[in-house]
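I opened my notebook for this chain and wrote down what I looked up, entry by entry. Come along and check each one against the picture.

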Amino acid sequence: MHSVDIQNVFRFENNCLTLSYAATEADSVSSKPFEQRALLAESRRQEVLLLDNEIVFNEAIIEEREQGIQEIQQQIGQVNEIFKDLAVLVNDQGIVIDDINSHIENSHAATLQAKSQLKKAAKTQKSNSSLMCLLLVIFGIILLILIIVVAA
């Protein structure tokens with residue numbers, strides 16, 4: 001219910017009370033002395049004023065609560081935006097983590113391949129040095145044979 005509707009209800013109730021008091025006063029006018037009627041009328045006016053004050057107070061409370069509700073709605077909207085931003089950040093970080101994982105796997109594969117190539121290079125180097133030694137020995141023998149043949 002909106003505050004305008006509530007205000008209309010309070011005013012209607014106030015008017016009904018005022019009419020009720022007026023009807024009661026009209027009935028009692030003829031049977032009571034003037035002072036009693038004046039006191040009764042003043043008492044009823046004070047009651048109406050009290051009711052009016054209570055209505056004003058209640059309307060102020062309703063307005064304050066409406067403002068509070070609007071503030072809460074605004075804050076909920078802000079929290080919603082924060083959660084959306086957080087979801088985007090989490091998604092972006094998930095992509096970055098996936099990229100890092102992919103790079104780690106690629107590095108692991110490249111490392112295994114490099115290790116295999118180093119083993120082959122070591123074998124080739126060993127083989128080449130053995131071959132070089134063998135060639136030096138053969139060259140030395142041939143040289144020795146040549147020196148013997150030329151000296152003889």
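**Burial.** I started with cover: of the 152 residues of the chain, 7% count as buried, where buried is under 20% relative accessible area, exposed over 50% and partly exposed in between (1.4 Å probe, protein chains only). I kept in mind that this is a predicted model, where local features need pLDDT of at least 70, side-chain atom pairs count only at pLDDT 80 or more, and totals for chains, interfaces and linings use all residues. Residues are numbered from 1 along each chain as its sequence is written, and side-chain values use heavy atoms, with hydrogens and water left out.

**Helices.** I found two helices and zero strands; these are DSSP runs numbered from the N terminus (helices H or I, at least four residues; strands E, at least two). Helix H2 takes in residues 34-151. I checked its length: the 118 residues of H2 should span 176 Å at 1.5 Å a residue, and the end C-alpha atoms are 170 Å apart, which agrees. The expected span is 1.5 Å times one less than the number of residues. Which residues of H2 are buried? I listed Ala41, Arg44, Val48, Ile55 and Glu59.

**Salt bridges.** How many salt bridges does a search of the whole structure find? I got two, taking a salt bridge as a side-chain nitrogen of Lys or Arg within 4 Å of a carboxyl oxygen of Asp or Glu.
- Arg45 pairs with Glu42 at 3.3 Å, N to O; both lie in H2, three residues apart, about one turn of the helix. Glu42 is partly exposed at 37%.
- Lys84 pairs with Glu81 at 4.0 Å, N to O; they too sit three residues apart in H2. Lys84 is partly exposed at 44%, and Glu81 at 42%.

**Nonpolar patch.** I marked a nonpolar surface patch of about 770 Å², made by Leu131, Met132, Leu134, Leu135, Leu136, Ile138, Ile142 and Leu146. Patches take residues with over 30% relative accessible area and no salt bridge, joining like charges within 9 Å and nonpolar side chains (Val, Leu, Ile, Met, Phe, Trp, Tyr) within 5 Å. Ile142 is partly exposed, because its relative accessibility is 46%.

**Record.** I looked up UniProt, whose unreviewed entry lists residues 129-151 as "transmembrane region"; its positions are given in the numbering used here, feature names are shortened, and annotations may be inferred rather than shown by experiment. In the model, residues 129-151 are 100% helix and 0% strand, with end C-alpha atoms 32 Å apart.

Technical notes:
Accessible areas come from the Shrake-Rupley method with a 1.4 Å probe; for residues, only the protein chains shown count as cover.
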